[in-house]
Amino acid sequence: MLECIYGKQNSFRGFRHSQEINDVKVSAYLVGGCVRDLILGLNPKDWDIATNAKPLDIQKLFPNSLYENSFGTVAVKTNSNDPALKLVEVTTFRLEGKYTDKRHPDEIKFAKTIEEDLSRRDFTVNALALNLPPKNLKSLSSLIDPYKGAEDISAKLICCVGSPEERFNEDALRLIRAIRFAVELDFSIEENTKKAINKNAKLLSFIAKERVRDEFIKIIMSQNAAKGIQLLEDTGLMKCIIPELREGINCAQNKHHIYTVWEHNLRSLDYTVSKNYSFEIRLAALLHDVGKPKTKRGEGESATFYGHEVVGARMVAEILKELKFSNEVVEKVVHLVRCHLFYYNVGDVTPAGVRRFIKRVGAENISDLIKVREADRIGSGVPKAVPYKLRHLLYMIEKVREDPISSKMLAIDGKDIMDIAKLNPSPKVGQ
């Protein structure tokens, strides 16, 4: 893959040999996440290069590039067939000033060395550089690692570069990024870093909801999503993301459940991850019982939660809109939460009832709703996701799926009725 960077299809030929630009010798390094992934033996999702060349000089080396920002980053088009290499970001070494808005530096200065550039990065596992071109990529003999990031990778630790307090006060998005990296890489968070997240959790409120949403999506889509949600709670960040979900903590249920609402929701999410279900299904599984604490009546085995699916659907709509999710995602997840509590006792399920169920839920949503119900069951502590009763319901659904459940599915329409029965337009035609 690195062959593209060193010259294949004319990509990055400018960095293949030392060059002089304005009497300055050009040096270039692979930096950040791609180096971390190489150490882990993973295929990098993207490639970033840091250089002492200034942006305009980078564009001279690579005319097929874009420079439309104030951060010294030039996007170079490589014409590679590899999606990860189609567009490679090349950034001039830089130092950053204060972060008044807790997200963007007030001032950016170009630095002279790669070590200065690495000093501004968030976590040690990302503060790594690899000389271009390395003599032997597998040996990583040209690795530049001033903050012992390779040791933290070996120890599976997420640790801030320098002072955690300073890093999080510079950019509060790093608070949730620490969680995201921990779950994506299956790492732990170093103790001082974790304490600093707890102490500065409220700073997340300075960050645009869209950026928080994007990190939250990556957590939900990781293989350790339930661990990520628990980490968000343990570090105090959940209060700034979905505080309503926290109401399920220590909220005991009834004889049908052996876990609290919080534990049940996390176990339901974990099941959807194990099945590699879509984001909307994972989110619906996590939030399907968010309305239970508000509707709980009584205690012990006889406690009730009547209407929790209705209350929960309203809450989910507000939660997802607050996090700036698209209308499509909001409508889908709200619908799954609203409909997740359906009745399917064998003997009581009739063809007419199933037709009404399909009409209410929508034939296009049946499969996803069943998956949410599976997650609900496993999250309750039962051994089977699809018991006989649910299999019987699926059989009945298939049996009546082609039955007309609305007038649009009929072979005739109102005009046919009026022609045959000699009727004028009226409610009688619809009947």
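So, disulfides: taking one as a pair of cysteine sulfur atoms within 2.5 Å, the count here is zero. Take C159: its closest cysteine sulfur is the one in C160, and at 6.6 Å that's too far for a bond. C159 is also buried, at 18% relative accessibility, and C339 is buried as well, at 8%. Buried means under 20% relative accessible area, with exposed over 50% and partly exposed in between, using a 1.4 Å probe and protein chains only.

Quick caveats: this is a predicted model, where local features need pLDDT of at least 70, side-chain atom pairs count only at pLDDT 80 or more, and totals for chains, interfaces and linings use all residues. Numbering runs from 1 along each chain as its sequence is written, and side-chain values use heavy atoms, leaving out hydrogens and water.

Zooming out, we've got 20 helices and 13 strands; those are DSSP runs numbered from the N terminus, H or I of at least four residues for helices, E of at least two for strands. Of the chain's 431 residues, 50% are buried.

Back to C339, which sits in α15 and, with K332 and L336, meets D368, L369 and V372 of α17. Contact there means heavy atoms within 4.5 Å. That set of residues splits into four nonpolar, no polar and two charged, with Ala, Val, Leu, Ile, Met, Phe, Trp, Tyr, Cys and Pro as nonpolar, Asp, Glu, Lys and Arg as charged, and the others, Gly among them, as polar.

How do α15 and α17 pack, in angle and axis distance? Helix α15, residues 327-339, and helix α17, residues 366-379, pack at about 60 degrees with axes 10 Å apart. Axes are lines fitted to C-alpha atoms over the stretch in contact, and angles run from 0 to 180 degrees between N-to-C directions.
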